[in-house]
Amino acid sequence: MRGPTGRLSAMRFLVTWAVTAAIVTLPGPLVGVLWAKTIPEVTYVIVQGEPLLAEPEGQGPIGIDARFALIALVAGLLCGVAGYLAGGRGDDIALLLGLAVGGGAAAFLAWKTGHMIGLDDFQDAVRTARDGTTVTGVADLRAKGVLVFWALPAVATYGLLELILRRLPAGDGGEAGAGEADEIGGDEFDLQSAPAGRDVDGGER
């Protein structure tokens, strides 16, 4: 049976990519809520109407970034495994692109969603507080590089599973035996061995 036309193949590629990216993006806001609810508390001191870290050398802001990185890492690993199990031969590139784009979008949404939780109350407290007053901060990232901690593990996990499980490439059903058709140049030829002393086409005796 012939494979799909170029147009159908392109359409399948785009659909696979878009659906994968959308599914991976969906849990982003939920992860953001989880992150915001589990971060260490960070205290700010109001100085001339501006919030300044009460402990500039403290581990609070670092802990917030580390917590986001850990949660995103776990989410990326799970997405990579799920993407590989749900995929099939010939979908690898589209799935990998979907995991990369979706992972980046999910991490961004997680950051923004987590940051918005309690943000209005924090801003109101800063606006109305007197100098020297302490307020509790909200979730935010200082090291924006951790946003890649969703997409990279997802893609890496997919690639690692492919190296371990060795899914056959698209269109390859394995090694063809004698008398079985192999596709060469888009056409099918029978590459069976000729009997000893005879040409396959029977032109020579």
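1. The expected span of a helix is 1.5 Å times one less than its number of residues. In this predicted model, helix H4 covers residues 92–116, 25 residues in total, and should therefore span 36 Å. The end C-alpha atoms of H4 are 36 Å apart, so the two values agree.

2. The buried positions of H4 run along much of its sequence numbering, from Ala94 to His115. Among them are the glycines Gly98, Gly102, Gly103 and Gly114, and the alanines Ala94, Ala106, Ala107 and Ala110. Leu95, Leu99 and Trp111 are also buried. Just after H4, Gly118 has a positive phi of about 80°.

3. On the overall layout: the protein has six helices and five strands. Their order along the sequence is α-α-β-β-α-α-α-β-α-β-β. Of its 205 residues, 29% count as buried. Among contacts with a separation of 6 or more, 77% are between residues 24 or more positions apart.

4. Two packed helices are described by the angle between their axes and the distance between the axes. For helix H2 (residues 28–38) and helix H3 (residues 60–86), the angle is about 145° and the axes are 10 Å apart. The crossing of H2 past H3 is right-handed.

5. Which residues make the contact between H2 and H3? From H2 come Val31, Leu34, Trp35 and Thr38, and from H3 come Ile64, Arg67, Phe68 and Ile71. By class, this contact comprises six nonpolar residues, one polar and one charged.

6. Strands E1, E2 and E3 form an open sheet in the order E2-E1-E3, and the pairing is antiparallel. The edges are strand E2 (50–53) and strand E3 (134–136), each of which pairs on one side only. From one strand to the next, the twist averages 45°.

7. Strands of a sheet pair through backbone hydrogen bonds, either parallel or antiparallel. Here, strand E1 (residues 43–47) is joined to E2 by four bridges, and the two run antiparallel. Val47 has Glu50 of E2 as its bridge partner.

8. What lies across the three strands E1, E2 and E3? Helix H5 (residues 119–128) does, and H5 runs at about 170° to E3.

Methods:
Residues numbered from 1 in each chain as written. Predicted model: local features only at pLDDT ≥ 70, side-chain atom pairs only at ≥ 80, totals over all residues. Heavy atoms only, no water. Axes fitted to C-alpha atoms, helices over the stretch in contact; angles between N-to-C directions. Left-handed = near helix turned anticlockwise from the far one by under 90°. Contact = heavy atoms within 4.5 Å. Nonpolar A, V, L, I, M, F, W, Y, C, P; charged D, E, K, R; others polar. Pairing = 2+ DSSP bridges. Buried < 20%, exposed > 50% of the residue type's maximum accessible area, 1.4 Å probe, protein only.
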